[in-house]
Each structure stands twice: as C-alpha cells, then as structure tokens.
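Here is a short briefing on one structure. Please look over the sequence and the 3D view first.

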Amino acid sequence: MAQGREWTVEERETIVQSLREYLELGFSRNKACGFIGLAPATLSNWIKDDEALGMRVRGWENAMNKLALAC
C-alpha cells in the first residue's frame, strides 16, 4: 500500500472543518471527501487513529437527523 504525504495538524484541521458543512447537509463521508478532493481512505485512517475526530464527524453526520426530528 502506498503511503501519502504527512499532513500538519493545521492542514488536517482545516480539511476536517471543510467537511463539516457537507456532512451537516446530509452528504455521505465519501461524497463530502469527493467535494473537497480528499481520499475517503485518508479520512477513515484519521478517524481510526483519533477517537475524538470520529465523534466530531459522527455528530456532524447526525445534524440532519436532529433537524428532521425537531420538525
């Protein structure tokens, strides 16, 4: 398996934040990654290595469900 480049903490945080709006709108992780040009496998690896990141991403994904339930 090929190794990609190393991301700085700041770059990674910027990338993750750019996914937020798409995930909160209900797009899948793969689709959101496609919009910003990030390989979905990269996001999966980051989440695997960072439990807090996984919790943030799941929270963003659930935002649409919260909105629907509030109606």
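Leu 25, Phe 27, Phe 35, Met 64 and Leu 67 make a nonpolar surface patch of about 450 Å². Such patches are made of residues with over 30% relative accessible area and no salt bridge, with nonpolar side chains (Val, Leu, Ile, Met, Phe, Trp, Tyr) joined within 5 Å and like charges within 9 Å. Areas come from the Shrake-Rupley method with a 1.4 Å probe; for residues, only the protein chains shown count as cover.

This is a predicted model, in which local features need pLDDT of at least 70 and side-chain atom pairs count only at pLDDT 80 or more, while totals for chains, interfaces and linings use all residues. Residues are numbered from 1 along each chain as its sequence is written, and side-chain values use heavy atoms, with hydrogens and water left out.

**Patch member and confidence**

- Met 64, one of the patch residues, lies in helix 5.
- Met 64 counts as partly exposed because its relative accessibility is 31%; the class falls between buried (under 20% relative accessible area) and exposed (over 50%), using a 1.4 Å probe and protein chains only.
- Helix 5 (residues 63-70) has the lowest mean pLDDT among the elements of the chain, 76.
- Helix 2 (residues 29-36) has the highest, 98.
- pLDDT is the predictor's confidence in each residue, from 0 to 100.
- The chain average is 91, and 96% of the residues score at least 70.
- Where pLDDT is low, the predicted coordinates should not be read in detail.

**Overall layout**

- The chain has five helices and zero strands.
- Both are DSSP runs numbered from the N terminus: helices are H or I with at least four residues, strands are E with at least two.
- The pattern along the sequence is α-α-α-α-α.
- The C-alpha atoms fill a box of roughly 45 × 25 × 20 Å along the principal axes.
- The chain exposes about 5,100 Å², and carbon and sulfur atoms supply 55% of that area.
- Of the 71 residues, 20% count as buried.
- Among contacts between residues at least 6 apart in sequence, 49% join residues at least 24 apart. A contact means heavy atoms within 4.5 Å.

**Nonpolar core**

- The largest nonpolar core has 13 residues. Such a core is a set of buried Ala, Val, Leu, Ile, Met, Phe, Trp, Tyr and Cys residues joined through side-chain atoms within 4.5 Å.
- Leu 19, Leu 23, Leu 38, Leu 43, Trp 46, Leu 53 and Val 57 touch the most other members.
- Helix 1 (9-24), helix 2, helix 3 (40-49) and helix 4 (51-61) each give two or more residues to this core.
- Helix 1 supplies the largest share, four residues.
- In soluble globular proteins, nonpolar side chains tend to be buried together.
- Leu 19 lies in helix 1. Leu 19 counts as buried because its relative accessible area is 0%.
- Beyond neighbours within four places in sequence, Leu 19 contacts Ala 32, Cys 33, Ile 36, Leu 38 and Leu 43.
- Leu 19 and Asn 45 are 26 residues apart in sequence and 15 Å apart in space, C-alpha to C-alpha.
- Val 57 touches Leu 23, Arg 29 and Ile 47, again not counting residues up to four places away.

**Trp 7**

- Trp 7 sits in the segment before helix 1.
- With a relative accessibility of 32%, Trp 7 counts as partly exposed.
- Leaving aside neighbours within four places, Trp 7 contacts Arg 12, Ile 15, Thr 42 and Trp 46.

**Salt bridges**

- The structure holds four salt bridges. Each is a side-chain nitrogen of Lys or Arg within 4 Å of a carboxyl oxygen of Asp or Glu.
- Glu 13 pairs with Arg 56, with the closest N and O atoms 2.8 Å apart. This pair links distant parts of the chain, helix 1 and helix 4, across 43 residues.
- Glu 13 is partly exposed at 34% relative accessibility, and Arg 56 is partly exposed at 30%.
- Arg 29 and Glu 61 meet at 2.6 Å, N to O. They join helix 2 to helix 4, 32 residues apart.
- Arg 29 is partly exposed at 26%, as is Glu 61 at 24%.
- Arg 20 and Glu 24 form a salt bridge at 3.0 Å, N to O. Both lie in helix 1, four residues apart, about one turn of the helix.
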